[in-house]
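Hi everyone, thanks for making the time. I'd like to walk you through one model today, so let me put it up on the screen.

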Amino acid sequence: AEGRALLQLDVKDGVDIAELTRFVAQAGARDRAAVVAYTVEDALAAAAAAPDVGVSVEITSADRLAELLDGGLARDRLMAWTGVSPDPIPELWAYLDAQGVPVAFGSLWYMDSAVAESGDASIYADLAAAGVDVLSSDLHLLAADTISGAGDPAPAVARCNSAASQP
């Protein structure tokens, strides 16, 4: 998937985030992988271990962003996870964009369910237009087709529904 995907390593309890971050750097995957941190402390530990490896961490306020930047996490290695919500949060996304921080958001559960029920996938294009750079979705093929303007989303909906119904 080189050149086509970013691997996000979701760090779970018991995993040393600094060790994992150093491994990403040593493996030469700096531009293809990022670690997912759940706390400011873990995000800063990752940045200290390998400052050129990407870190995705929840940012829901200007104060949280300032804390991360002041702690030494480089802006160009930061991705702001803004959560999963039934409602878009364009004010936060615009603020992060103005700060030069890529925005990640999850359409999982709430929005994806609404799209599956209605067949209207335009919310994905709306999210991208509102500043979402990375979208986590259970309907990833449909979201990608819709955002890229690939035309009729019906084939992607059918692929998503078929994949979801398989054991």
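Let me start with a term: a residue is called buried when its relative accessible area is under 20%. F105 has a relative accessibility of 0%, so F105 counts as buried. Keep that residue in mind, since we'll come back to it.

Now, a word on confidence, as this is a predicted model. The mean pLDDT of the protein is 88, and 87% of its residues reach 70 or more. Where is confidence lowest, and where is it highest? The lowest is helix α8, residues 154–165, with a mean of 46, and the highest is helix α3, residues 62–70, at 97. Over residues 159–167 the pLDDT stays under 50, and for that stretch the model has 6 contacts beyond four places in sequence.

On to the sheet. It is an open one, built from 6 strands in the order β1-β2-β3-β4-β5-β6, with parallel pairing. At the edges sit β1 (7–10) and β6 (134–136), each of which pairs on one side only. From one strand to the next, the twist averages 25°. If you zoom in on β5 and β6, you'll find 3 bridges joining these parallel strands, and G106 standing opposite S136 in β6.

Next, helix α4. Which of its residues are buried? They are L92, W93 and L96. Looking down the axis of α4, these buried residues fall within an arc of 100°, so they line one face of the helix. As a reminder, an α-helix has 3.6 residues a turn, so residues three or four places apart point the same way. The other side of α4 has E91, D97 and A98, which are exposed. What do the buried residues of α4 pack against? Their partners are α3, β4 (78–84), β5 and α6 (122–129). After the helix comes G100, with a positive phi near 80°.

And that brings us back to F105. How many aromatic pairs does the count give? It comes to 1. The ring centres of W93 and F105 are 5.0 Å apart and their planes are at 70°; edge-to-face needs an angle over 60, so that is what this pair is. The pair links distant parts of the chain, with W93 in helix α4 (residues 90–98) and F105 in strand β5 (residues 103–106), 12 residues apart. W93 is buried too, with a relative accessible area of 0%.

That's my tour, and I'm happy to take questions!

Technical notes. Residues numbered from 1 in each chain as written. Predicted model: local features only at pLDDT ≥ 70, side-chain atom pairs only at ≥ 80, totals over all residues. Heavy atoms only, no water. pLDDT = per-residue confidence, 0-100. Helix = DSSP H or I, 4+ residues; strand = E, 2+ residues; numbered from the N terminus. Contact = heavy atoms within 4.5 Å. Phe/Tyr/Trp six-rings, centres within 6.5 Å; stacked < 30°, edge-to-face > 60°. Buried < 20%, exposed > 50% of the residue type's maximum accessible area, 1.4 Å probe, protein only. Pairing = 2+ DSSP bridges. Axes fitted to C-alpha atoms, helices over the stretch in contact; angles between N-to-C directions. Arc of directions from axis to C-beta.
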